[in-house]
Structures are given as structure tokens and as C-alpha cells.
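I opened my notebook for this chain and wrote down what I looked up, entry by entry. Here are my notes, in the order I made them.

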Amino acid sequence: MDCHHKICKACFNGYLVEKVTNNQSLAVIECPGHRCETILSDDEIVKSLEAPYTGKYFQLITNEFVLSNRMIRWCPGKNCTNAIEMVDIVKQPAVRCSCGNHFCFSCSHFVHDLISCNLMIKFEQ
């Protein structure tokens, strides 16, 4: 670690496993040292995390990235795990995923050119 704190491998792995398994925010993981605010790099985390948890770690940080970016959405298609990036929502609010799902990027409902998203949501309720 950049801060040079020493921590045993098992303790550090336990610290990281708790972060991953408790679905805590992984945007910033700090050194577990007392009052240390050094942010751990992805490389440090992946090298220290036991193999069964690295996939979960990448899944969680990817999900945080998608949810925090207003120009990226998860495809609402059944069993689809693709994220879709919007280039210009004003010109074309409808998007098509590689899974074949065609949906409104703004509200994630099926394409509804003739009515607003708010009206679509009310109609679905």
C-alpha cells in the first residue's frame, strides 16, 4: 500500500471480503490502518482478494459505475446483463440492445414515441 501500513494477508483479505459481501460502496476503499485515508487501487484489491470474490468485486464496481453515470443504463431485457451507453438522448431516446431489446433510454420501458415517460409510468401502474 502507498501508505506503507503493514497488515497480515488474512486480515487484509477479510477486510476486503467484508466490503464485497456486504455490498458496501466500493467506489472508494481505504486502507484499514487506523485513521488512514489512503485509497486502495483496483490492482491492490484484486491482488489481495481471494479468487471467489474477485468476480463479485468487478460486478459491484461495474454496477456502481453504471448507476452513477446518467448516460449509461442496464438493459431491462429479460436475463440481459448488457449496459447501454446513450450518445444523444435528445435526438433518439429509443435504444436497441444487442440482445434485441428495444426500449426508451429515459425510463427503461418499451419504446413509446407518442406519449411522455411520465404518462407511460402512470399507465403501467
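**Entry: Gly14**

I looked up Gly14 and found a relative accessibility of 35%, so I logged Gly14 as partly exposed. In my terms, buried is under 20% relative accessible area, exposed is over 50%, and partly exposed is in between, with a 1.4 Å probe and protein chains only. Gly14 lies in helix H1. I also noted that Gly14 and Leu49 are 35 residues apart in sequence, with 8.4 Å between them in space, C-alpha to C-alpha.

**Entry: ground rules**

I am working from a predicted model, where local features need pLDDT of at least 70 and side-chain atom pairs count only at pLDDT 80 or more, while totals for chains, interfaces and linings use all residues. Residues are numbered from 1 along each chain as its sequence is written, and side-chain values use heavy atoms, with hydrogens and water left out.

**Entry: other positions in H1**

Ala10 is in helix H1 too. Is Ala10 buried or exposed? At 61% relative accessibility, I put Ala10 down as exposed. Ala10 and Ser48 are 38 residues apart along the chain, and their C-alpha atoms are separated by 9.0 Å.

Thr21 is another residue of helix H1. With a relative accessible area of 41%, Thr21 is partly exposed. From Thr21 I checked the distance to Ile7: these two are 14 residues apart in sequence and 20 Å apart in space, C-alpha to C-alpha.

**Entry: the whole chain**

How many helices and strands are in the protein chain? I noted 4 helices and 4 strands. Here helices are DSSP runs of H or I with at least four residues, strands are DSSP runs of E with at least two, and both are numbered from the N terminus. Reading from the N terminus on, I get the order α-α-α-β-β-β-β-α.

Next I looked up the overall dimensions. The radius of gyration of the protein chain is 20 Å, whereas a compact globule of 125 residues would have one near 14 Å. This radius is taken over C-alpha atoms, and the globule rule is 2.2 Å times the number of residues to the power 0.38. Along the principal axes, the C-alpha atoms fill a box of roughly 60 × 30 × 25 Å.

Of the 125 residues, 28% count as buried. The chain exposes about 8700 Å², and carbon and sulfur atoms supply 52% of that area. Accessible areas come from the Shrake-Rupley method with a 1.4 Å probe; for residues, only the protein chains shown count as cover.

I then turned to contacts, meaning heavy atoms within 4.5 Å. Among contacts with a separation of 6 or more, 36% are between residues 24 or more positions apart.

**Entry: Arg73**

Arg73 sits in strand E1 (residues 72-74). Its relative accessible area is 24%, so I logged Arg73 as partly exposed. Which residues is Arg73 in contact with, leaving aside neighbours within four places in sequence? My list reads Val66, Asn82, Ala83, Ile84, Phe105, Ser106 and Ser108. The side chain of Arg73 reaches the backbone oxygen of Phe105 at 3.0 Å. I also have Arg73 and Cys107 at 9.7 Å, C-alpha to C-alpha, and 34 residues apart in sequence.

**Entry: Thr54**

Thr54 belongs to helix H3 (residues 51-68). A relative accessible area of 18% is why I call Thr54 buried. Leaving aside neighbours within four places in sequence, Thr54 is in contact with Val46 and Leu49.

**Entry: positive phi**

Most residues other than glycine have a negative phi. Arg35 has phi near 60 degrees, a positive value in a residue other than glycine. Its place is in the loop between helix H1 (9-21) and helix H2 (42-48).

The other is Asn79, where phi is also near 60 degrees, again positive in a residue other than glycine. Asn79 is in the loop between E1 and strand E2 (83-85), and at 72% relative accessibility Asn79 counts as exposed.

Key:
A polar contact is a pair of N or O atoms within 3.5 Å; within protein, one must be able to donate a hydrogen and the other to accept it, and residues adjacent in sequence count only if both atoms are side-chain atoms.
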